[in-house]
Amino acid sequence: MLLEVRDLHVEFRTRDGVAKAVNGVDYGVDAGETLAVLGESGSGKSVTAQAIMGILDIPPGRITGGEILFQGKDLLKLKEEERRKVRGAEMAMIFQDALSSLNPVLSVGDQLGEMFVVHRGMSKKDARAKAVELMDRVRIPGAKERVKQYPHQFSGGMRQRIMIAMALALEPALIIADEPTTALDVTVQAQVMDLLAELQREYNMGLILITHDLGVVADVADRIAVMYAGRIVESAPVHDIYKAPAHPYTRGLLDSIPRLDQKGQELYAIKGLPPNLMNIPPGCAFNPRCPMAQDVCRTDVPPLYDVSEDRDSACHFWRECLNG
Amino acid sequence: MAEHQEPILEVSGLVKHYPLTTGILFKKQVGAVKAVDGVDFTLNRGETLGIVGESGCGKSTVAKMLVNLERPTAGEIRFKGEDISKLSGKALKSVRRNIQMVFQDPYTSLNPRMTVGDIIGEPYDIHPEVAPKGDRRRKVQDLLDVVGLNPEYINRYPHQFSGGQRQRIGIARGLALRPEVIVADEPVSALDVSVQAQVINLMAGLQDEFELSYLFIAHDLSIVRHISDRVGVMYLGRIVEIGKDAEIYDHPTHPYTQALLSAVPVPDPEAREHRERIILAGDVPSPTNIPSGCRFRTRCWKAQERCELEVPALAVPAEFRHVTGPAAHDSACHFAEEKQVVPSEEPQEPQDPEGKSNGPG
C-alpha cells in the first residue's frame with residue numbers, strides 16, 4: 001500500500017460545540033490505482049484529504065486519533081519540517097477552484113518554477129525552463145509565451161491544467177484531487193479528466209479522487225469509498241458497487257441521479273437531510289434517513305462488515321441490501 | 001404532456017449585446033459582448049423547455065430578459081401574443097406577475113435579514129391585488145406547506161435552513177403570485193445529489209398542481225433530460241439544436257450536441273469501454289469575437305469552407321426534410337447527420353428482476 005489511512009478521527013471545536021467531521025476513516029490506495037472518495041458536502045471527504053496532506057487548519061481542527069501511513073511511515077508522527085518535505089515532493093494536491101488556489105499577482109511560470117527553486121534548489125532560469133516543459137506536458141498551447149502570463153489570462157480549463165502541472169512538478173507518488181473538474185464545463189471536464197488519467201498511468205501514481213459526481217467516478221475509478229457523516233459506509237471495486245450496492249446510502253445515491261440515457265418518471269429521493277456533525281445520531285448515522293432501518297440500527301454502530309475479499313459495508317443489513 | 005400545444009411564450013430574434021467602450025468623457029463603442037445573438041423558441045402551456053449549454057453561452061442572459069431583468073437589444077418576447085419587451089409601467093407590472101424566476105444560488109438569492117415569511121410574502125407588497133393584507137400570512141403558510149416546509153417556520157431566517165430547504169423557499173417565492181411561467185436558472189446545481197432529487201420531484205409535482213410552464217436552464221444534461229419535454233442546446237449566444245427530449249438525446253444531428261452528450265459521464269462503469277467520446281479541442285471562443293459563418297466551426301471536426309462563409313439556419317436540415325422520424329428536427333448545421341452518442345436504453349444483457357448479484361449472501 002502506498003497510502004493507508006487507519007481509523008482517522010478529526011474534530012473541529014467551534015463556538016457551538018465540537019463538530020465530529022471524521023469518525024474513524026480507513027482507506028488505502030496503491031501505486032497506479034485510482035480511489036474515488038464519494039460523498040456529499042459535510043461527509044468529511046475533504047477534511048480527510050486535508051489531514052493526509054497536512055494542511056488541516058489546527059486549530060480549530062484537531063486530529064484526535066488514527067494513523068496515516070505513507071510509504072510505511074506515519075505522517076502524523078513527523079515533525080512539521082519533515083512533513084513539508086513530503087508535501088509537494090511526494091504527495092501533491094489539486095484543488096477544485098484553480099482561480100482561488102493560484103496566486104493572482106505572480107505569473108504562472110513563477111508559481112510553477114517555485115516548486116523547483118524551493119524543493120530542488122534550482123536557479124530561477126532553470127526553474128523557468130522546467131515550467132515551460134510542464135506546461136507543454138499538460139498541453140497548454142504556446143507554453144513559451146504564456147509562461148509569463150498571470151492566472152486571470154487563462155480560461156478555467158487551462159487554469160486547472162496549470163494546477164495539474166504544479167501537482168505533477170516533482171513527480172509525486174500520490175496525487176489527491178479534490179473535485180478537480182466540478183467547476184468546469186462538461187466538454188472541458190472531459191479534456192481535463194482524460195489528461196489526469198493519462199498522466200497518472202504514465203507516472204504510475206496513486207490517485208485519490210474526491211468527488212460527488214457518480215458519473216465521473218464510473219468513468220475513471222478503480223475503487224470507490226463512499227463516505228457519510230465522517231465514516232466510510234461502503235468500499236468496493238467500481239464495477240461491483242454500480243451493479244449491486246451493499247449499503248442503503250449508496251443505493252439511494254445511485255437511484256437519485258437522473259440518467260442521460262433514461263427518461264425516468266419520478267426520481268428516488270433520499271428523505272431528510274445529512275446529520276448535523278455536532279449531533280450525529282446514535283447507532284448508524286444514516287438510520288433516520290434509511291428505508292431499511294430497524295431497532296438495532298438506532299442503538300449499535302455498524303462495524304465494517306466484509307462483504308467479500310475486497311469489499312466492505314457498514315450496514316447491519318448489507319446482505320438484504322445487496323439482494324435489493 | 002401538452003397535447004393542445006398552445007404557445008404561452010414566443011421568443012423571436014432575441015439579441016443582447018453589451019457594448020464595450022473606450023474613453024471616459026466621449027465614449028466610443030469599440031465592440032460588443034454578444035451574449036445572446038439571435039435566439040428563437042416557443043414555450044407551450046404546461047410544458048417544460050430545457051435550455052442547456054456551457055458557461056458563457058448566454059442561457060442565463062436569456063432567462064434575465066424573459067423576466068425583464070435585462071432589456072433586449074433587439075427581438076421580441078411575446079407572452080400570450082403580446083410583446084412584453086417594450087412594455088413599461090402598469091402593463092409591464094401586470095405581465096411580470098405571470099413570469100417568475102427561481103434563481104441558482106439559494107444562499108445569495110434570499111435576503112439574510114428578512115424572515116422567510118417576509119421573503120415569500122414580499123411579492124404581495126408589489127402586487128397587493130393578489131392577496132389582501134390580512135390574508136397574507138395564511139397564504140405564505142400555505143405556500144410553505146406546498147413546497148414541503150413546516151408552516152411554523154414562517155418567522156425563521158434563511159441561515160436556519162439547509163441549501164435544499166432554501167431552494168424550496170425560493171420556489172415558494174416564485175409561486176406566490178400564481179404565475180403561469182416559471183423561469184428556473186440552474187435551480188438545483190448548488191445542491192447535493194440526494195437533495196437535488198427532492199427538489200426536482202417537487203418542481204415536477206408543482207407543475208402538475210399549478211399548471212405551470214417551465215423554462216428550465218441548466219448545464220447538467222441528465223437533469224434537463226429528466227425534467228424537460230423539449231430541449232434546446234445553446235452555443236455562443238444561439239440555439240444550435242432544438243427538439244423533443246428523445247430527438248436531442250437519442251438522435252442528435254448537430255456536432256456540438258453530440259460532443260456535449262458524449263462528454264457527460266454516465267454513472268455506469270460498464271459503459272466506460274464501449275462508449276465513444278468526442279473530446280472537443282480548445283475552449284469556447286470569446287463572445288466579443290464570434291467566428292464567421294457557423295460559430296461552432298473553430299472546434300468542429302467536420303468544418304469545411306462552407307461553414308466559414310455561410311451561417312447555418314436553425315431549421316430541419318435538408319437531409320432530413322423529407323423523412324419523418326426523430327432525426328428530423330431543427331439543427332443549425334450544414335453537415336447535419338445523425339449519430340447516437342448516448343448508450344441506448346435497449347438492455348444489452350438480460351435484466352435480472354431480483355438482484356442476482358455477484359456478492360456472497
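Good morning. In helix α6 of chain B, the residues Val193(B), Ser194(B), Val195(B), Gln196(B), Ala197(B), Gln198(B), Val199(B), Ile200(B) and Met203(B) are buried. Helices are DSSP runs of H or I with at least four residues, strands are runs of E with at least two, and both are numbered from the N terminus.

A word on provenance. This is a predicted model, in which local features need pLDDT of at least 70 and side-chain atom pairs count only at pLDDT 80 or more, while totals for chains, interfaces and linings use all residues. Residues are numbered from 1 along each chain as its sequence is written, and chains are lettered from A and ligands numbered from 1 in the order in which they are written.

To return to the helix: α6(B) covers residues 193–210, 18 residues in total. Its first and last C-alpha atoms are 26 Å apart, close to the expected 26 Å, the expectation being 1.5 Å times one less than the number of residues. Just beyond the helix, Glu211(B) adopts a positive phi of about 50°.

What do the buried residues of α6(B) pack against? Their partners are α5 (163–175) and α7 (221–227) of chain B, together with α11 (248–256) of chain A. Contact, throughout this talk, requires the C-beta atoms of two residues, placed from the backbone, to lie within 7 Å.

That brings me to the interface. Chain B contributes 43 residues to the contact and chain A contributes 50. On the chain B side, α6, α7, α8 (245–250) and α9 (255–263) each supply at least two residues, and α6(B) gives the most, with 6 residues. By residue class, the chain B side divides into 20 nonpolar, 13 polar and 10 charged. In this count Ala, Val, Leu, Ile, Met, Phe, Trp, Tyr, Cys and Pro are nonpolar, Asp, Glu, Lys and Arg are charged, and the others, Gly among them, are polar.

Chain B has 10 helices and 11 strands. The radius of gyration of chain B is 22 Å, close to the 21 Å from the globule rule for 361 residues, so chain B is as compact as a globular protein of that length. The radius is taken over C-alpha atoms, and the rule is 2.2 Å times the number of residues to the power 0.38. Of the residues of chain B, 45% count as buried. Chain A has 13 helices and 12 strands. For its 324 residues a compact globule would have a radius of gyration near 20 Å, and the 21 Å of chain A agrees. In chain A, 51% of residues count as buried.

Strands count as paired if DSSP finds at least two bridges between them. β1 (residues 7–22) and β2(B) are joined by 13 bridges; Thr22(B) has Lys28(B) as a bridge partner, and Val11(B) has Phe41(B). The two strands form a hairpin with 5 residues between them, and Gly23(B) in the turn has a positive phi of about 90°. β1(B) is also joined to β4 (residues 74–79) by 5 bridges, again antiparallel, with Ala74(B) as the partner of Val15(B).

Finally, the core. The largest nonpolar core has 195 residues, and Ala165(A), Ile176(A), Ile224(A), Leu215(B) and Val233(B) touch the most other members. Such a core is a set of buried Ala, Val, Leu, Ile, Met, Phe, Trp, Tyr and Cys residues joined through C-beta atoms within 7 Å. Helix α7 of chain A (residues 156–168) gives the most to this core, with 8 residues. Leaving out residues up to four places away in sequence, Ala165(A) touches Leu112(A), Leu134(A), Met135(A), Arg137(A) and Val138(A).

Val138(A) itself lies in the loop between α5 (124–137) and α6 (143–146) of chain A. The C-alpha atoms of Val138(A) and Leu195(A) are separated by 7.1 Å, although the two residues are 57 apart along the chain.

Key: A residue is buried if 20 or more other C-beta atoms lie within 10 Å of its own, exposed if 12 or fewer, and partly exposed in between; C-beta atoms are placed from the backbone.
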